[in-house]
Amino acid sequence: SEVASFQKRGKTWQYTVSRMVNGKPKPIRKGGFRTKKEAQIAAAEVESELSKGIIPHLHPIPFATYFKRWIRTFKKPHIKRNTLNRYLNTLETIKKYFGDKSLQDINKREYQEFLNKYGQLRAKATSDKLNTHIRACVKDAIDEGIIHMDFTRGAKPIGRKEKRSEEKHLSYLESKKLLNEIYKNLNKSLNYYLLLLALTSGMRFGELVGLTRNDFNFYNNTISINKTWGYTNKMHDGFGPTKNEQSIRTIKMDKKTMKSFKQLFNNNKITDNIHQLVFYSPSSKYKIISNNASNNLLRKTLKKLDIQPITMHGLRHTHASVLLYKKVSIYYVSERLGHKDIETTLNNYSHVIKELRTKDEKASVEVYENMVSL
């Protein structure tokens, strides 16, 4: 059994809990307590853990050091380069704010203060992401027995309200104008084909530029999405995986879009390239039409139509919003977009769903009003 003794060292107290490991004495010591009472409380905790067979982790580990190790062990082998960069950004934030402070010395109040300070100049979604990274790390530190209290539990990230989602997409009528304008200019450059497909498929930019000719099935009018192409320095080089497993999908396309691409391939307007990339651009840094070039063309086209500009990613939001307005089921929209789960779709398009609710309310009432034949 463990026996604790206490010694005064200068102005502070130290405890020593005696214990035997494989027949050899291996006492546990810790000092720096202001009073004997504090040392007794800490020693009692250690004795309690030892009696349960838990080896207390008494060496302080700087939070940043543990987080770095945690990324290396639990995250790096399983995530893509751009996701890894987000974790490394969180690591830099931890270093900047907590310095050498040990994981064992952080309490809930301090962590909330950190979130408050961080969120002052950032979007709420950014603060939420940071908190998610740290929460996962702290959970593993608890499982490892390094700390015993989850200082992230109940923490509330703050942040500036982002631009409303409804401002990031086009209305049905605006989409119609844009689509017609794209068709008028299709023969001008390959860039217009990229805008066309972004609007009619709702694919992510990395998925669009990762398409090869073989992904187009003109018999069934479908496109297979099973890979992406790195288009920034934070992403993989060349081909890489989709955002998640659910993003591997085959989507049915409208006949007009498919006919345009069939003609494009037949006319051999695409520069032949080793990977058979559809949106190949030999002079571009990443060998495909860049995100910048696409955004510029989209901005220019919308300006000409006197429509408030949106980004290429806004075309993905537009695609989904238009489908939802046209009463396409949210389950299918979620599947078509390659969302990880239905929750993602519900969160991203809650504004559309709220607007449709009024129509649904009216329709629900009318069902029973029309049932009565009197």
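How many of the twelve residues of α7 are buried, and why is α7 described as enclosed by the rest of the structure?

Author: This is a predicted model: local features need pLDDT of at least 70, side-chain atom pairs count only at pLDDT 80 or more, and totals for chains, interfaces and linings use all residues. Residues are numbered from 1 along each chain as its sequence is written, and side-chain values use heavy atoms, with hydrogens and water left out.

Eleven of the twelve residues of α7 are buried, so the helix is largely enclosed by the rest of the structure. Buried means under 20% relative accessible area, exposed over 50%, and partly exposed in between (1.4 Å probe, protein chains only). Among the buried residues are Leu190, Tyr192, Tyr193, Thr200 and Ser201. Helices (H or I, at least four residues) and strands (E, at least two) are DSSP runs, numbered from the N terminus.

Helix α7 covers residues 190–201. From first C-alpha to last, α7 reaches 17 Å, close to the 16 Å expected at 1.5 Å a residue. That expected span is 1.5 Å times one less than the number of residues. Just after α7, Gly202 takes a positive phi of about 75°.

Now the sheet. Three strands form an open, antiparallel sheet in the order β6-β7-β10. β6 (216–217) and β10 (249–252) stand at the edges with a single partner strand each, so one side of each lacks a neighbour in the sheet. Strands pair if DSSP finds at least two bridges between them. β7 (residues 222–225) and β10 pair over four bridges. Ile225 stands opposite Arg249 in β10.
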